[in-house]
Amino acid sequence: MGWTRKVLRVDLQARTCTEEPLNMEWANDYLGQRGLASKYLAEEIDPKVDPLSPGNKMIMVTGPLTGTMASTGGRYSVVTKSPLTGAIACSNSGGFIGAEIKNAGWDMIIFEGKASSPVYLYLENDKAELVAADDLWGKSVWETDQLLHGKHQDPKLRIACVGRSAEAGCLYASIVNDLHRAAGRSGVGTVMASKNLKAVAVRGTKGVSGIKDPKRFMQSTQDGKKVLKEHAVTGQGLPTFGTQVLMNVINEVGAMPTRNMRDVKFEGAHKISAEAMAEKRESDNRANLVTNAACFGCTIACGRISVMDQGHFTIENKPQYWGASGGLEYESAWALGSDTGIDDLETLTYANYLCNEDGMDPISFGATVAAAMELYETGAIDDTITGGVKFNFGSSEALAKAAEMTAIGEGFGKDLGLGSKRLCEKYGRPELSMTVKGQEFPAYDPRGIQGMGLTYATSNRGACHLRSYTVSAEVLGLPEKHDPLTTEGKPALVKIFQDLTAAVDSSGLCVFTTFAWGLEDIAPQIDSACEGEWTAERLLEVGERIWNLERRFNNQAGFTSADDTLPPRFFKEKANTGPAEGKISGLAEMLPEYYDLRGWTPEGVPSNETLQRLKL
């Protein structure tokens with residue numbers, strides 16, 4: 001479909017919804033989704049703005065291939081300034097609402113200001129209105145979804161909303177769509193709640209139009225689907241096991257962050273793996289995993305649908321959790337499991353359900369619980385702080401109670417909702433927070449996978465694996481094998497992954513396609529859909545432009561090269577087992593070369609020459 005060329009601007013304070021034309025000059029420079037919305041944000045807000053003030057804006061945005069027949073063409077993003085990090089935030093989600101926004105005829109929705117009382121946006125094709133949501137405030141994501149579907153009596157209505165955690169000020173609250181898909185990281189849901197915006201409900205019936213060359217587009221998308229089907233990862237591994245296929249793999253290479261990243265292997269990994277999810281339980285002869293699931297237009301179908309043991313202590317008297325719902329992905333299983341030292345699959349599933357039900361990023365939540373456990377075991381906090389809950393590593397009871405408290409912002413859950421950086425600072429042990437720029441690490445230890453250390457340190461949204469997934473090359477050997485234990489060649493590897501991913505994140509496609517696709521597979525799909533000439537080289541330049549735009553925003557927000565670092569643990573404590581035994585992060589060796597390859601000054605600032613070359 002390319003672009004619809006329409007932007008919906010929603011002034012929450014004035015309660016107006018106004019149509020305006022898409023800036024096509026920017027679209028040609030930034031493509032769509034992550035890149036285009038970041039450009040709009042950078043032009044429209046002060047980078048130093050308080051993220052939770054009315055002066056911040058929040059943009060829901062699609063890519064040019066969102067809503068089309070391209071495989072995985074259902075992605076949308078939420079772009080804003082993060083309350084967790086203070087940096088630019090772009091959180092990507094699948095499900096079906098992105099395609100619904102596009103089919104309603106819109107490229108993006110810009111929310112500005114703050115409503116005087118709770119509202120939701122109802123969008124049906126060209127009809128846009130803000131509706132009172134006082135009756136929805138205080139409700140969970142699941143309750144809100146049910147109430148809105150009941151009110152509008154349309155089973156095809158697609159809904160994105162925030163839960164009670166966002167209303168309570170949890171700094172890593174997410175925006176959940178389709179019940180268990182989420183724009184999960186960096187606290188985008190917290191920003192949405194701060195604007196008194198409870199939900200966005202969309203129905204689009206206009207369909208797809210405006211493809212530049214429909215015949216060539218159909219052929220290029222079919223060619224792409226064939227590549228995905230025939231690839232071992234996208235055609236077999238992800239459909240069968242989901243991202244959880246990585247649990248045992250990463251554990252074996254000695255890069256499984258465990259017990260707040262003190263250890264690099266988890267002895268209980270096999271109990272919370274994809275294989276374990278598929279095994280029948282002795283208690284009820286049912287498996288945790290019910291089936292896989294796909295987002296809009298996806299031929300990979302990596303999603304997990306799970307069902308819990310009704311007799312498990314977490315839900316034995318809670319029938320609302322007895323049905324099938326969104327199951328564990330690798331990142332949530334790691335954060336809730338290995339990082340907290342818990343190997344009870346049912347407890348992890350319960351905590352994951354609560355993250356979906358009330359909109360919490362399971363990575364930041366799990367990692368914050370892990371930090372709390374280390375604070376507890378080292379004596380920095382005690383039962384008087386935790387409300388009597390014993391936060392020992394390996395305690396299923398502690399994790400379940402933590403999820404319940406944080407979901408509604410009560411008791412020690414209010415502290416947990418701060419994220420691990422603020423939590424550890426509050427109790428005098430800042431070094432126990434495993435974060436970069438205030439955002440919690442994902443599931444790869446930078447001592448065992450050296451490229452990921454540079455990835456985390458330089459990520460524009462704080463620690464993140466999806467900004468440069470060098471695990472693909474360093475562990476899986478895709479597109480070619482790199483030794484995970486060396487620093488040699490990693491600055492160039494990280495840069496190319498960052499630029500490529502920025503382009504993919506701006507297209508409307510899922511980054512998981514890049515296990516099988518290169519830009520030579522993606523470019524023909526964009527080129528046949530969008531006006532102009534879109535080559536692999538141009539897309540890589542677009543990605544580089546986006547990366548530097550984000551970097552400049554962060555620099556203007558007050559970030560410096562001093563923020564491109566890792567917690568002290570990774571420089572002082574050597575990996576204690578596995579292939580990386582004895583290793584620390586080699587970030588200091590990689591960072592200067594990375595800056596040089598980026599065309600930045602030694603202080604990490606894009607040079608004037610780089611800015612001019614990229615039209616910045």
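Author: Let us begin with one pair of residues: Arg 9 is buried, and Glu 112 is buried too, where buried means under 20% relative accessible area, exposed means over 50%, and partly exposed lies in between, with a 1.4 Å probe and protein chains only. The model is a predicted one, in which local features need pLDDT of at least 70 and side-chain atom pairs count only at pLDDT 80 or more, while totals for chains, interfaces and linings use all residues. Residues are numbered from 1 along each chain as its sequence is written, and side-chain values use heavy atoms, with hydrogens and water left out.

Arg 9 and Glu 112 form a salt bridge, with their closest N and O atoms 3.0 Å apart; the term stands for a side-chain nitrogen of Lys or Arg within 4 Å of a carboxyl oxygen of Asp or Glu. Because Arg 9 belongs to strand β1 (residues 6-11) and Glu 112 to strand β6 (residues 108-112), this pair ties together parts that are 103 residues apart in sequence. The helices (H or I, at least four residues) and strands (E, at least two) are DSSP runs, numbered from the N terminus. In the whole structure, a search finds 46 salt bridges.

A second pair is made by Lys 198 and Glu 167, whose closest N and O atoms are 2.6 Å apart in their salt bridge. This pair also links distant parts of the chain, 31 residues apart, since Lys 198 lies in strand β12 (residues 197-203) and Glu 167 in helix α5 (residues 164-167). Lys 198 is buried, with a relative accessible area of 0%, whereas Glu 167, at 23% relative accessibility, counts as partly exposed.

Arg 569 counts as buried at 7% relative accessibility, and Glu 374 counts as buried at 4%. Returning to the pair we began with, Arg 9 and Glu 112 belong to one network that also takes in Glu 20, Glu 44 and Lys 57, joined by salt bridges that share partners.

Strand β12, which carries Lys 198, leads us to a sheet. This open sheet has 6 strands in the order β8-β7-β12-β9-β10-β11, with mixed pairing, and two strands pair if DSSP finds at least two bridges between them. At the edges stand β8 (127-132) and β11 (181-183), each with a single partner strand, so one side of each is left without a neighbour in the sheet. Strand β9 (residues 158-161) and β12 run antiparallel and are joined by 4 bridges, and Ile 159 stands opposite Ala 201 in β12. Helix α4 (residues 141-152) packs on the sheet, touching β7 (119-124), β8, β9, β10 (175-177) and β12, and its direction makes about 145 degrees with that of β9. Such axes are lines fitted to C-alpha atoms, for helices over the stretch in contact, and angles run from 0 to 180 degrees between N-to-C directions.

Elsewhere in the chain, helix α18 (residues 450-458) is largely enclosed by the rest of the structure, because 9 of its 9 residues are buried. The cover over these residues includes β16 (435-436), α19 (471-474), α20 (490-504), α22 (536-557) and α24 (587-598). Thr 340 counts as buried at 0% relative accessibility, and this residue is found in the loop between α11 (330-336) and α12 (345-358). Beyond its neighbours within four places in sequence, Thr 340 is in contact with several residues, among them Gly 366, Met 373 and Phe 393, contact meaning heavy atoms within 4.5 Å.

Finally, the whole chain has 25 helices and 17 strands, and 65% of its 616 residues count as buried. Among contacts between residues at least 6 apart in sequence, 69% join residues at least 24 apart.
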